[in-house]
Structures are given as structure tokens and as C-alpha cells.
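Please read it alongside the sequence and the coordinates shown below.

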Amino acid sequence: MKPIRTLPNCPQGLSEYLNQGGDPTNWERFYDDDRESYRELRNALVETQHGLCGYCESALQDFGTQVEHVVPKNVQTGDPARAPDYTNLIACCIGEAGKRSESCGQAKGEVNDPNFIDPRTLPALLSLLCVLPDGRIVADQIACKATGINLHHVERTIDILGLKVERLRLDRENRWNNLKETWGALFHDVEVIQAAARQELLPGDDGTLSGFFTAARSYFGPLAERILAEPPQSWI
């Protein structure tokens with residue numbers, strides 16, 4: 001999970017739906033009755049997030065996309081009034097059904113844990129999560145201490161989102177191995193490896209990021225943090 005931005009404004013279709021008397025507590029009606037506006041909203045979120053799932057960082061064109069309510073819309077655990085609130089919405093992957101492989105929105109469901117960390121509140125620097133060479137994802141104790149963010153809240157967020165499921169571990173491990181195969185022998189060449197880190201960590205010409213951003217961030221280590229500290233930070 002990486003920092004992402006909130007939409008800068010409410011997309012036109014959703015705004016018009018609400019202004020024309022659409023039920024603000026009935027998300028399903030908006031989804032069913034105005035698919036064009038829903039797609040506009042979803043696409044705006046994807047663009048803002050540079051094409052990555054707001055939770056697991058998979059490339060959304062590879063895994064499908066849904067609009068996720070950070071604060072659940074469920075009346076028992078969440079806040080139905082925030083169902084159409086664009087500041088409560090992010091794009092995330094469809095994930096997978098099944099207890100052993102669920103992640104992201106599917107795993108989170110209607111959980112509204114006070115210790116859950118909204119990815120839009122993560123600091124740009126440092127990364128609170130670290131990906132190990134075998135693809136495991138862990139909370140970074142040093143970064144949590146440096147930023148004053150509770151380590152246990154980060155660990156709880158990882159668990160709520162199912163980010164430790166095996167398929168995601170394998171995806172992150174593959175990303176790490178691909179980076180190692182491509183760049184591992186070139187770390188002695190400062191200019192080449194700096195260019196490589198920029199290529200792997202910054203948006204491409206189409207504005208998208210490569211999947212599993214934190215795996216690449218962890219692979220390049222301190223160099224990644226130096227590059228990500230360079231302006232502009234919009235946020236990556």
C-alpha cells in the first residue's frame with residue numbers, strides 16, 4: 001500500500017446525480033441507474049491513483065476495478081451518508097473470493113476499524129511498509145517510529161486488507177525478481193541505476209505506474225527515497 005491522492009473535486013456525473021435529487025444514501029441506485037457517471041467516477045479515481053489499486057498496488061487494467069468506500073456505507077458499521085462522498089472513495093482491484101485468497105475491498109468488507117490506515121493519509125516519505133525479496137510485506141519499524149505512526153496500526157491494516165495472501169506474495173516476489181534480473185548487475189553504475197530507479201518508480205508517458213510500487217521502492221532502497229523526494233510529488 002502506497003500513498004495516494006484524494007480526487008481534487010467531485011466528478012460531474014456524480015455531482016449532477018446528487019444535485020438532481022439522487023438518494024445520497026443509496027449507492028446501489030447510483031450504480032444501477034447511472035452507469036456512465038459511475039464509469040466516469042471510477043476512471044477519475046484510477047487516473048488519480050496512476051492506475052494502481054489503492055490497497056495492493058496491482059495494475060488495475062490487469063485485475064479489474066471497483067469503487068471502494070474507505071468508510072463503509074453499511075448502516076451498522078459505517079456511514080451511509082458518505083456513500084457518494086467522493087472524498088471517501090478510492091479505486092481498488094476486484095480481488096478474489098475465497099477465504100484463503102481474498103484481499104483489498106473483498107477482505108475489508110464492512111470493517112470499520114479505528115486503527116485502519118486510509119492510504120491517502122500515508123506520508124509520502126518514508127514508506128511505512130517494506131517488501132522483502134521473497135514478496136512478504138511487513139510494517140517498517142524504523143519508518144513508523146520516524147513518522148510517529150503506530151506500528152500496530154500498520155500491521156492491523158495489512159491484516160484487514162489481506163495483503164499477506166499467497167497470490168499477492170508471489171506477485172511481489174515476481175516483481176522483485178524481475179527487477180533483480182534486469183538491474184541487479186548494474187548497481188555499480190550510479191548513472192544507470194539512478195535512471196533505472198526513475199523508470200521503475202515514476203509514472204510513464206501514459207501517467208501510470210508499474211504494479212507493486214512498494215516492491216520496487218524496497219528493491220531500490222535509499223536511492224528510491226531520494227528519487228521520490230524530488231519534486232514534483234503529485235503523489236507518485
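In this predicted model, helix 9 (residues 190–201) and helix 10 (residues 213–220) pack with their axes 10 Å apart and at an angle of about 165 degrees. Because angles over 145 degrees count as roughly antiparallel, helix 9 and helix 10 are described as roughly antiparallel to each other. The points below begin with this pair and then turn to other elements.

**Helix 9 against helix 10**
- The crossing of helix 9 and helix 10 is left-handed, and the contact is made by Ile193, Ala196, Ala197, Glu200 and Leu201 on the side of helix 9, together with Phe213, Ala216, Arg217 and Phe220 on the side of helix 10.
- Sorted by class, this contact of helix 9 with helix 10 has 7 nonpolar and 2 charged residues, with no polar residues.
- Glutamine 194, which is also found in helix 9, counts as partly exposed because its relative accessibility is 30%.
- When neighbours within four places in sequence are left aside, glutamine 194 is in contact with Leu223 and Ile227; the C-alpha atoms of glutamine 194 and isoleucine 227 are separated by 8.1 Å, although the two residues are 33 residues apart along the chain.

**Helix 8 against helix 10**
- The axes of helix 8 and helix 10 come within 9 Å and cross at roughly 45 degrees, which makes helix 8 oblique to helix 10.
- Helix 8 passes helix 10 in a right-handed crossing, with Arg172, Arg175, Trp176, Leu179, Lys180 and Trp183 of helix 8 in contact with a set from helix 10 made up of Ala215, Ala216, Ser218, Tyr219 and Phe220.
- By class, the contact of helix 8 with helix 10 has 7 nonpolar, 1 polar and 3 charged residues.

**Burial of helix 10**
- Helix 10 is mostly covered, with 8 of its 8 residues buried, and these are Phe213, Thr214, Ala215, Ala216, Arg217, Ser218, Tyr219 and Phe220.
- The buried residues of helix 10 pack against strand 3 (129–131), helix 8 (166–183), helix 9 and helix 11 (222–228).

- In helix 1 (residues 12–19), the buried residues are Gly13, Leu14 and Tyr17, and they lie on the same side of helix 1 because they cover an arc of only 95 degrees around the axis.
- These buried residues of helix 1 pack against helix 2 (27–33) and helix 3 (35–48), whereas the face turned away from the buried side carries the exposed residues Gln12 and Asn19.

**Backbone geometry**
- As background for the points that follow, most residues other than glycine have a negative phi, and most peptide bonds are trans.
- Phenylalanine 212, in the loop between helix 9 and helix 10, has a positive phi near 55 degrees, and phenylalanine 212 counts as buried because its relative accessibility is 9%, where the cut-off for buried is under 20%.
- Glutamate 57, placed in the loop between helix 3 and helix 4 (60–63), likewise has a positive phi, near 75 degrees, and glutamate 57 is buried with a relative accessible area of 2%.
- Glycine 21, which follows helix 1, has a positive phi near 95 degrees, and glycine 221, which follows helix 10, has a positive phi near 60 degrees.
- The peptide bond from leucine 125 to leucine 126 is cis, with omega near 0 degrees, and leucine 126 is found in the loop between helix 5 (104–108) and strand 3.

Terms used. Residues are numbered from 1 along each chain as its sequence is written. This is a predicted model: local features need pLDDT of at least 70, side-chain atom pairs count only at pLDDT 80 or more; totals for chains, interfaces and linings use all residues. Side-chain values use heavy atoms; hydrogens and water are left out. Axes are lines fitted to C-alpha atoms, for helices over the stretch in contact, and angles run from 0 to 180 degrees between N-to-C directions. Helices (H or I, at least four residues) and strands (E, at least two) are DSSP runs, numbered from the N terminus. Angles under 35 degrees count as roughly parallel, over 145 as roughly antiparallel, 65 to 115 as roughly perpendicular and the rest as oblique. A crossing is left-handed if the near helix is turned anticlockwise from the far one by less than a right angle, and right-handed if clockwise. Contact means heavy atoms within 4.5 Å. Ala, Val, Leu, Ile, Met, Phe, Trp, Tyr, Cys and Pro count as nonpolar, Asp, Glu, Lys and Arg as charged, and the others, Gly among them, as polar. Buried means under 20% relative accessible area, exposed over 50%, partly exposed in between (1.4 Å probe, protein chains only). The arc is that of the directions from the helix axis to the C-beta atoms.
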